[in-house]
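Hi,

Here is the model I promised to pass on.

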Amino acid sequence: MDGNGRWAKQRYLPRLAGHRQGLEKLRELVRWCRHDGVQALTVFAFSSENWSRPADEVSGLMGLLARALEREVGELDRAGVRLHFPGDRLALSGELQQQLAQAEQRTAANRGLVLNVCFNYGGRWDVVQAAQQLAARGEPITEASLSGALALAHVPPPDLIIRTGGEQRLSNFLLWQAAYSELYFSAALWPAFDRAEFDAALAAYAQRERRFGRVSEQLSDAPAEPVQPLRAVA
Ligand code: IPE
Ligand code: MG
């Protein structure tokens, strides 16, 4: 969800106003995904590297998460959304850690959209913490065991990854899971990302041929993985 700061700057507003507008956009995206039957939505809200931003922006983002939890969890729960907050939670305040755990517990039995809000998350962090878990348990490290120990083990790898804000890189998001994801880059700043942009991303996805290492001719008789229709968006 990139571009909040630039969106605010264009309007002579503080960066935090852009983040607030970005949160409103996330509420919309959740509605679109529920409407379209997407099974899992994973968003990058705060990266392991975002701590190096100015202190007031970091505390502003923490406060925004806390207030969003207070306001939104009830409605998300009633809508059948299952919440997860992948990331290194130990670096967050005790109060916030408790709020995150409560939101996950409250929505754990829901069977609608799975909404992963990655917070203090990094793709490298996730691979390392998964390897450390396996090592601590003395388990062999295989692709399957490592996948199963990742913070996002409860959802399939994303079919489609959308990055807004014009940048064309992953910036430490879902490094392991992105191996065969389709990538879509939108020039829209996140608060300005609209339904037409989302539709354009889905339409682009529908045009892609996903070969998973195979050749085109092999796909019709034996699909490599049952990935259609689209299950997961990040
Ligand atoms: C939001 O966009 C990403 C977050 C860390 C919440 P940015 O804050 O990176 O916005 P730009 O890139 O400065 O426009
Ligand atoms: Mg940015």
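L160 is in contact (heavy atoms within 4.5 Å) with E182, Y184, A201, L202, Y205, L230, A232, V233 and A234, leaving aside its neighbours within four places in sequence. L160 sits in strand 4; helices (H or I, at least four residues) and strands (E, at least two) are DSSP runs, numbered from the N terminus. With a relative accessible area of 0%, L160 is buried, where buried means under 20% relative accessible area, exposed over 50% and partly exposed in between, using a 1.4 Å probe and protein chains only. From L160 to G22 there are 138 residues in sequence and 20 Å in space, C-alpha to C-alpha.

Before you go further: this is a predicted model, where local features need pLDDT of at least 70 and side-chain atom pairs count only at pLDDT 80 or more, while totals for chains, interfaces and linings use all residues. Residues are numbered from 1 along each chain as its sequence is written, chains are lettered from A and ligands numbered from 1 in the order in which they are written, and side-chain values use heavy atoms, with hydrogens and water left out.

Now the strands. Strand 3 (residues 114-121) is mostly covered, with eight of its eight residues buried. Strand 3 pairs with strand 1 (residues 40-47) in the parallel sense over seven bridges; two strands count as paired if DSSP finds at least two bridges between them. Strand 2 also pairs with strand 3 in the parallel sense, over three bridges. N116 in strand 3 is a handy place to look: T42 stands opposite N116, and H84 stands opposite N116 too.

H84 belongs to strand 2 (residues 82-84) and is buried, at a relative accessible area of 18%. Setting aside neighbours within four places in sequence, H84 touches E104, V114, L115, N116, V117 and H154 by the contact cut-off. H84 and V73 are eleven residues apart in sequence, and their C-alpha atoms are 12 Å apart in space.

Further along, S186 is in the loop between strand 5 and helix 7. Is S186 buried or exposed? It is buried, with a relative accessible area of 3%. Leaving aside neighbours within four places in sequence, the contacts of S186 are R163, T164, G165, G166, F193 and E197.

A disulfide here is a pair of cysteine sulfur atoms within 2.5 Å, and a search of the whole structure finds zero of them.

Two backbone spots are worth a glance. Most residues other than glycine have a negative phi. N172, though, has a phi near 70°, a positive value. N172 lies in the loop between strand 4 (160-163) and strand 5 (182-185), and at 13% relative accessibility it counts as buried. F212 also has a positive phi, near 50°, and is placed in the loop between helix 7 (195-207) and helix 8 (216-219).

On a 1 Å grid over the protein atoms alone, a cavity is a set of points where a 1.4 Å probe fits but cannot get out, a pocket is an open set with protein on both sides within 12 Å along at least five of seven lines, and lining residues have an atom within 4 Å of a point. Grid points are joined across faces, edges and corners, and a volume is the space filled by probe spheres set on the points.

The whole structure has one cavity of 30 Å³ or more. The largest cavity holds about 70 Å³ of space, and its lining consists of A40, T42, L152, V155, P156, P157, P158, L174, Q177 and A232. By class, that lining has eight nonpolar, two polar and no charged residues; Ala, Val, Leu, Ile, Met, Phe, Trp, Tyr, Cys and Pro count as nonpolar, Asp, Glu, Lys and Arg as charged, and the others, Gly among them, as polar.

The second largest pocket has a volume of about 330 Å³. Of the 20 residues that line it, S147, P157, W176, Q177 and A179 are the closest to its centre. The lining of this pocket divides into twelve nonpolar, three polar and five charged residues.

Cheers
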